[in-house]
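Student: I have a model open and I want to learn to read it. Can you take me through the features one at a time?

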Amino acid sequence: MKTYVVSGAASGIGAATAALLREQGDRVITVDLRDADVVADLSTAEGRADAVAGVQNLTDVVHGLVPCAGIVGVAGADSAKIVSVNFFGAVALVRGLKPQLAAAGTSSVVLIASNSITGMPNWRASTAELCLTEDEEAARADAADADPLTVYPGTKAGLAWWARREGVTEAWIGQGTRLNSVAPGSIDSPMTEQLLADPEVGPLVAAYPSAINRMGRPEEIAALVAFLLSDASSLMVGAVVYADGGTDAMLHPNAP
Ligand code: NAD
């Protein structure tokens, strides 16, 4: 039996991931604002410290970590908070639980990016760049007055690139921890319901091309996450795996 940590596990993709891992017979420690083993607010440094300490109180060993908690960029959303939750809330869990991931011998981290990185035009590159410096105040200040719709993909690009850069370093792969990310397309979850209800973003999301002509299900992302957590994906390091019903392939047929 392995021990996994999943944030954002009270809803959507995180809930489906926690359920699948438990069905596999593994132990799952959940982190969320509600209905979780560790209730913590990942938007603040204090909340993140509580989350890490809460997990550490429950286990010395973490075989896999899925920082899934995220908030969406709809009209009126707090752009600085999107930066704090989506990027810094995820990276703080990975960094904070590094000793417990090392204690597993081999371990795997699956970050949740988004296919908006390649699917959405003109997103805020400075958000990704500043996230990668890990200077939260600078990243928040830059995003504060920006359109949340353009900030969200910036945080997700930041996560995917962070996993690529860090994933190949001695600090991570040297301790046996693989960092990868998945880039889901539109997934039928409460987050997407919020997006579809937004007068500005809703029509754009509804018009997103998909070769399978339907949204994805949280369980379909959970299955990919479970594979990336498992030893079956042992060759995958720093990968960004799109799971979007063909959206990325349709928009970028010649991309590698
Ligand atoms: P969701 O809204 O159903 O679930 C998000 C979860 O994160 C909730 O349980 C919420 O309570 C938790 N959360 C939010 N803010 C938090 C905070 N400050 N501290 C702790 N927990 C917090 O969303 P979802 O669709 O399941 O999305 C999960 C992840 O997948 C997110 O990172 C999202 O950006 C990403 N994603 C979703 C889609 C999609 O179409 N739904 C597509 C690409 C990527």
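Tutor: Start with angles. Under 35 degrees counts as roughly parallel, over 145 as roughly antiparallel, 65 to 115 as roughly perpendicular and the rest as oblique. Axes are lines fitted to C-alpha atoms, for helices over the stretch in contact, and angles run from 0 to 180 degrees between N-to-C directions. Helices (H or I, at least four residues) and strands (E, at least two) are DSSP runs, numbered from the N terminus.

Student: What kind of model is this, and how are residues numbered?

Tutor: This is a predicted model, where local features need pLDDT of at least 70, side-chain atom pairs count only at pLDDT 80 or more, and totals for chains, interfaces and linings use all residues. Residues are numbered from 1 along each chain as its sequence is written, and side-chain values use heavy atoms, with hydrogens and water left out.

Student: How are α6 and α7 arranged relative to each other?

Tutor: Two packed helices are described by the angle between their axes and the distance between the axes. Here α6 packs with helix α7 (residues 136-143) at an angle of about 170°, and their axes are 8 Å apart. The two are therefore roughly antiparallel.

Student: Which residues of α6 and α7 meet?

Tutor: Contact means heavy atoms within 4.5 Å. From α6 come Ser126, Thr127, Leu130 and Cys131; from α7 come Ala138, Ala139, Asp142 and Ala143. By class, five are nonpolar, two polar and one charged. For the classes, Ala, Val, Leu, Ile, Met, Phe, Trp, Tyr, Cys and Pro count as nonpolar, Asp, Glu, Lys and Arg as charged, and the others, Gly among them, as polar.

Student: At what angle do α3 and α6 pack?

Tutor: Helix α3 (residues 79-96) and helix α6 (residues 125-133) pack at about 50°, with axes 11 Å apart. That makes α3 oblique to α6. The crossing of α3 with α6 is right-handed. A crossing is left-handed if the near helix is turned anticlockwise from the far one by less than a right angle, and right-handed if clockwise. Val83, Phe87 and Phe88 of α3 touch Thr127, Cys131 and Leu132 of α6. This contact has five nonpolar residues, one polar and no charged.

Student: How do α1 and α12 cross?

Tutor: The axes of helix α1 (residues 12-23) and helix α12 (residues 218-229) come within 8 Å, and they cross at roughly 55°. That makes α1 oblique to α12. This crossing is right-handed too. The contact includes Ala16 and Leu20 of α1, and Ala222 and Val225 of α12. Its residues divide into eleven nonpolar, two polar and one charged.

Student: Now the sheet. In what order do the strands lie?

Tutor: Two strands pair if DSSP finds at least two bridges between them. Seven strands form an open sheet here, in the order β3-β2-β1-β4-β5-β6-β7, and the pairing is parallel. The edge strands are β3 (38-39) and β7 (240-243), each pairing on one side only.

Student: Is β5 buried or exposed?

Tutor: Buried means under 20% relative accessible area, exposed over 50%, partly exposed in between (1.4 Å probe, protein chains only). Six of the six residues of strand β5 (residues 107-112) are buried, so the strand is largely enclosed by the rest of the structure. In a regular strand the side chains alternate between the two faces of the sheet. In β5, Ser107, Val109 and Leu111 are buried on one side, and Ser108, Val110 and Ile112 on the other. Both faces of β4 are covered as well: Gly64 and Val66 on one side, Leu65 and Pro67 on the other.

Student: Which residues does Thr155 contact?

Tutor: Thr155 is found in helix α8 (residues 148-167). Its relative accessible area is 0%, so Thr155 is buried. Leaving aside neighbours within four places in sequence, Thr155 contacts Ile82, Val83, Asn86, Phe87 and Thr127.
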